[in-house]
Amino acid sequence: MTLITDIRLRRILDSRGNPTVEADVLTESGGFGRAAAPSGASTGEYEAVERPPTEAIAAAREHAVPRLVGEAYAGNQREVDAILHAADGTDDFSEIGANSAVAISMAAAKAGADVLGAPLFQHLGGTFRGQNVPIPLGNVVGGGEHAADATDIQEFLVAPVGAPSVEDAVFANAQAHAVVADLLAERDVACGKGDEGAWAPSIDDSEAFELVEAAVSQVEDDVGFEVGFGLDVAGAELYNNDSENYEYSDENRDTAEQIAYVAELVEEYDLVYVEDPLDEDDYEAFAQLTDEVGDQTLICGDDLFVTNTDRLREGIDRDAANSILIKPNQIGTLTDAVDAIELATANGYDSVVSHRSGETEDTTIAHLAVATDVPFIKTGAVGGERTAKLNELIRIADDAT
Ligand SMILES: C=C(OP(=O)(O)O)C(=O)O
Ligand SMILES: [Mg+2]
């Protein structure tokens, strides 16, 4: 029934105005799935390779499409994804592009769900999933690679950890985003938004901490449940391999100083989440920080792990973190992403399913997060390509997908 009969690939726009790959998968019994690849800006060095969309599409048409059409069943995700790997023939999708691979992988999953007449999360996770919807981490202030002339730390994330429902959590994040705008206006700080819809003011990190702390506490008082905050430091972007320093606008920190700085931030602001506090090659420094504050907060590896089970296994062996960011396009298929989540869960790591800075209206990650029962999803606070996922989570909780 889910035999793939056609795959169509095209270039569409992403949220930055760049081209990305969209895939349609059609099946014998009329099933249809459509998905689009997101795209990172602060990409990890060890991610699967994103090719320019025109090249990725041509290569996938030549190598992958003929192996899938009339051969594979969209309902059998592992088979589809294994064929994508075999068709590519490299270990980083540098032939067909991780952007073509992930678009086809996700579109096949949607086609499989369509044939079943089931929501995507249920097709991916089984009938007992759907009761737990992850708490969204909402980016309200940011800079780094996502905005020019803004904070050094890439993302200040609101974490409504006490929210009784995903709907309450989504609205708390949006409220915090609005409160930050009011606080900036009171200070006469003009600003635009970064790639993920967070405010991107030209302020230093210490002022951003002050603002986000104030916004979070105002929202917490208003909503009556616990709202914390966290960070994506994007440490690899700050780290200079030559100077061996983390280079901030106002000062440089060596690795020991960076560990002490982040540990202090965790204490001072009671941070519930810290992503990529250190460089993507420095498992040892990650392990030191996790040893110091890992019992108080999530230390999450994004560029460190790149959704890759080999890198995650090394991290687990070295006690480098206690959580992993999951971005399907970092590794190229849903199977690989789910394998990373399962390895994490088996070893006591929390998984955080995540968007990319360049996004589309695609909602696959909302379903993936529910299907795999992860505690958190990071997908922005406002902006159409972000609210596409947030609103889908509300629909899933309302049994309306
Ligand atoms: C979402 C992120 O940014 P990008 O997509 O640019 O890697 C991130 O670093 O977590
Ligand atoms: Mg990150």
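These are a colleague's numbered notes on a predicted model.

1. Ground rules. Since the model is predicted, local features need pLDDT of at least 70 and side-chain atom pairs count only at pLDDT 80 or more, while totals for chains, interfaces and linings use all residues. Residues are numbered from 1 along each chain as its sequence is written, chains are lettered from A and ligands numbered from 1 in the order in which they are written, and side-chain values use heavy atoms, with hydrogens and water left out.

2. The metal site. Which residues hold the magnesium ion (ligand 2)? Its protein donors are Asp232 (OD), Glu275 (OE) and Asp302 (OD), at 2.0 to 2.2 Å. Donors here are N, O and S atoms within 2.8 Å of the metal (3.2 Å for Na, K and Ca); water is not among the atoms, so sites may look incomplete. Along the chain, the donors of the magnesium ion (ligand 2) are spaced as D-x42-E-x26-D. Asp232 sits in strand β8 (residues 228–232) and Asp302 in the loop between β13 (298–301) and α11 (309–317), so this pair, 70 residues apart, links distant parts of the chain. Helices (H or I, at least four residues) and strands (E, at least two) are DSSP runs, numbered from the N terminus.

3. Glu275, in strand β12 (residues 273–275), counts as buried because its relative accessible area is 0%. Contact means heavy atoms within 4.5 Å. Setting aside residues up to four places away in sequence, Glu275 touches Leu231, Asp232, Val233, Ala234, Cys300, Asp302, Leu325 and Lys378. For Asp302, the relative accessible area is 1%, so this residue is buried too. Its contacts, leaving aside neighbours within four places in sequence, are Asp232, Glu275, Asp276, Leu325, Lys327 and Gln330.

4. What the record says. An unreviewed UniProt entry lists His146, Glu155, Glu275, Asp302, Ser354, His355, Arg356, Ser357 and Lys378 under "binding site". UniProt positions are given in the numbering used here, feature names are shortened, and annotations may be inferred rather than shown by experiment. The unreviewed entry also gives residues 4–124 as "domain: Enolase N-terminal". In the model that span is 42% helix and 20% strand, with its end C-alpha atoms 18 Å apart.

5. Asn139. Is Asn139 buried or exposed? At 3% relative accessibility, Asn139 is buried, and its place is in strand β4 (residues 135–142). Its side chain makes a polar contact with the side chain of Glu196 at 2.8 Å. Such a contact is a pair of N or O atoms within 3.5 Å; within protein, one must be able to donate a hydrogen and the other to accept it, and residues adjacent in sequence count only if both atoms are side-chain atoms. Beyond four places in sequence, Asn139 also touches other residues, among them Glu155, Phe156 and His177.

6. The cores. A nonpolar core is a set of buried Ala, Val, Leu, Ile, Met, Phe, Trp, Tyr and Cys residues joined through side-chain atoms within 4.5 Å. The largest has 114 residues, of which Leu9, Phe156, Phe209 and Val353 touch the most other members. Helix α4 (residues 98–116) gives the most to this core, with 11 residues. Domain 1 (4–117) and domain 2 (135–397) each supply at least three residues to this core; these bounds come from an automatic or database domain assignment. A second, separate core of 10 residues includes Ile135, Ala159, Cys300 and Phe376.

7. Lys110. This lysine lies in helix α4. Why does Lys110 count as buried? Because its relative accessibility is 18%. Leaving aside neighbours within four places in sequence, its contacts include Phe32, Arg34, Asp362 and Thr364.

8. Asp188 has a positive phi of about 60 degrees although it is not a glycine. Asp188 is in the loop between α6 (166–186) and β6 (191–193), and is exposed, with a relative accessible area of 73%. Val306, likewise not a glycine, has a positive phi near 45 degrees. Val306 is in the loop between β13 and α11 and is buried at a relative accessible area of 0%.

Technical notes. Buried < 20%, exposed > 50% of the residue type's maximum accessible area, 1.4 Å probe, protein only.
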